[in-house]
Amino acid sequence: MGRKLLTACVSVAAMLVAGGAATANEQLQEMEKNAKNWVMPTGNYANWRYSELDQINKDNVKDLKVAWTFSTGVLRGHEGGPLVIDGTMYVHTPFPNIVYSLDLNEDGAINWKYEPKQDPNVIGVMCCDTVNRGVAYAPAADGQPALIILHQADTKVVALNAETGEEVWTAQNGDPSKGETGTAAPMVFKDKVLIGISGGEFGVRGSVTAYNLKDGSQAWRAYSMGPDSDTLMDPEQTTHLGKPVGPDSGTATWEGDQWQIGGGTTWGWFSYDSELDLIYYGTGNPSTWNPAQRPGDNRWSMTIFARNPDTGMAKWVYQMTPHDEWDYDGINEMILSDLEMDGQTVKTLVHFDRNGLAYTVNRENGDLLVAEKYDPVVNWTTGVDMDKNSENYGRPAVVAEYSTEQNGEDVNSTGICPAALGTKDQQPAAYSPKTKMFYVPTNHVCMDYEPFRVSYTAGQPYVGATLSMYPAPNSHGGMGNFIAWDATTGKIAWSIPEQFSVWSGALATAGDVVFYGTLEGYLKAVDNDGKELFKFKTPSGIIGNVTTYEHDGKQQIAILSGIGGWAGIGLAAGLTDPTAGLGAVGGYAGLSRYTALGGQLTVFELPD
């Protein structure tokens, strides 16, 4: 074949591939606009967790009743929430990661059930309960059926035929014998699916991997730390706060080969801006929890990444907590919104970090716009240096009293706020384009933290700290708040105190109602001013995310209840030592008076 003809054929093939990818992407973008469905774990690519449905509104939400329920048949922590596509609901469970297809025309009758066979030994290397945050949906394309994508606890990625539940392809994302596990929900984009990895407490080196939807083959993998070829960073083109990151930035701030077991895992949520063609996500804590064993900034743990979805190359990064000393994973969701700031509309990314700071960032270039505490008790830092001319621009100023590094190994640093589970863990906030406010489930918890020397053994815990947790002193006495946040000013608009952490994902709607769940098991609805309008106690504590959709002309609200997760690990795993569960067992011991293990989906609607 002649060179010109070969080039022409390659060009045509590339156009066809690009066209197919665009078609698949466009399908999902159109589907996410249909409020009758809920096609992504976070509602849409921007992670809004918002619905245009308004049949249920602030005037009638008090009349909600249970329409039907479904038992998942599994105990322990039920995080995430169901998907709804054209009359079919897809429900997932914790380990063993069962997936159900339910017929909404028959109050949840089972169409099919997929139950993977996994080695139960994987449970022993799951840090904070056997949770799974949900499945992803890929529309039919290029002769392939619609798919449900599951990331199992043992890191196996399974593409299921959405109509039949049969396996279409599988891929292995990690190695549980090294402590690598799967808990995060995948994200489908273009002709690929993005998968993260869990296991920072076992010395896992974090990564995100894109798999081709067609056959499950790996398209690219980007590590959180390592040489440029591993992190997929260009020393001159990838920027950190506007400046090039420089050569091998992912190893330069690590001592020796510590980066190879450096943590920075990616078990949170992903978002995607199709106009800018960028994927956004955050990385977790560096390994180990003993900061004395890993001098330096430990890049790129605790970092917001913006990557090209086709190649994985990083456009910009921002490290929020350099040399983390408190386990403040940066994996929480990135919410994409266009906000009015200083008289201009800015494409922003809003992120509520575990470290207690809420960030508003220009998502085009990574410029830092706002960084403020979203719980007043946060005390490990006095704030972030916002002076672009300062050598410390973008860095939080650490208060020596609460520095586990400065206080030293085998010293118990007391009264640190927030606790390691952060002012907010993975439980996603909601954004309303109607009110321009962010509705945020939070933890109001502090800790004592004692680091100690630990050695690395593959597949064994690599923590190196003992913790205890308790409600923030001199406050309302509870361990949580549900707040409304103004991301343009960095201020709390209103705050609702809760007895325990608010560990469920929020939902905002066009009906001027915001929903969230509590660890005691209540589904609650409040208006845009924070006034409680409705509550109902489900059979178990809620750490799932509230979902809404419309079926047969009626708006319905769905929530998974099943106590567990980090906050509920004592109940979920039967632990009693106050320092167990990385300090959470003692802090949340009181939960046992209010709820017990369960696994149930509860669906609400208005009466006829």
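## Salt bridges in the predicted model

The structure holds 25 salt bridges. The model is a predicted one.

| Asp 129 | Arg 76 | 2.7 Å |

**Asp 129 and Arg 76.** The side chains of these two residues form a salt bridge with an N to O distance of 2.7 Å. Asp 129 sits in the loop between strand S7 (109-114) and strand S8 (136-138), and Arg 76 in the loop between strand S2 (65-71) and strand S3 (79-80), so the contact ties together parts that are 53 residues apart in sequence. The relative accessible area of Asp 129 is 3%, so this residue is buried.

**Glu 79 and Arg 133.** Because Glu 79 belongs to strand S3 and Arg 133 to the loop between S7 and S8, the pair ties together parts that are 54 residues apart in sequence. Glu 79 counts as buried at 3% relative accessibility, and Arg 133 counts as buried at 5%.

**Asp 273 and Arg 363.** Asp 273 is in strand S18 (residues 271-273) and Arg 363 in the loop between strand S24 (357-362) and strand S25 (368-373); the pair links distant parts of the chain, 90 residues apart. Asp 273 has 7% relative accessibility and counts as buried; Arg 363, at 5%, also counts as buried.

**Network.** Salt bridges also link Lys 65, Lys 554, Glu 605 and Asp 608 in a network.

Methods
Residues are numbered from 1 along each chain as its sequence is written. This is a predicted model: local features need pLDDT of at least 70, side-chain atom pairs count only at pLDDT 80 or more; totals for chains, interfaces and linings use all residues. Side-chain values use heavy atoms; hydrogens and water are left out. A salt bridge is a side-chain nitrogen of Lys or Arg within 4 Å of a carboxyl oxygen of Asp or Glu. Helices (H or I, at least four residues) and strands (E, at least two) are DSSP runs, numbered from the N terminus. Buried means under 20% relative accessible area, exposed over 50%, partly exposed in between (1.4 Å probe, protein chains only).
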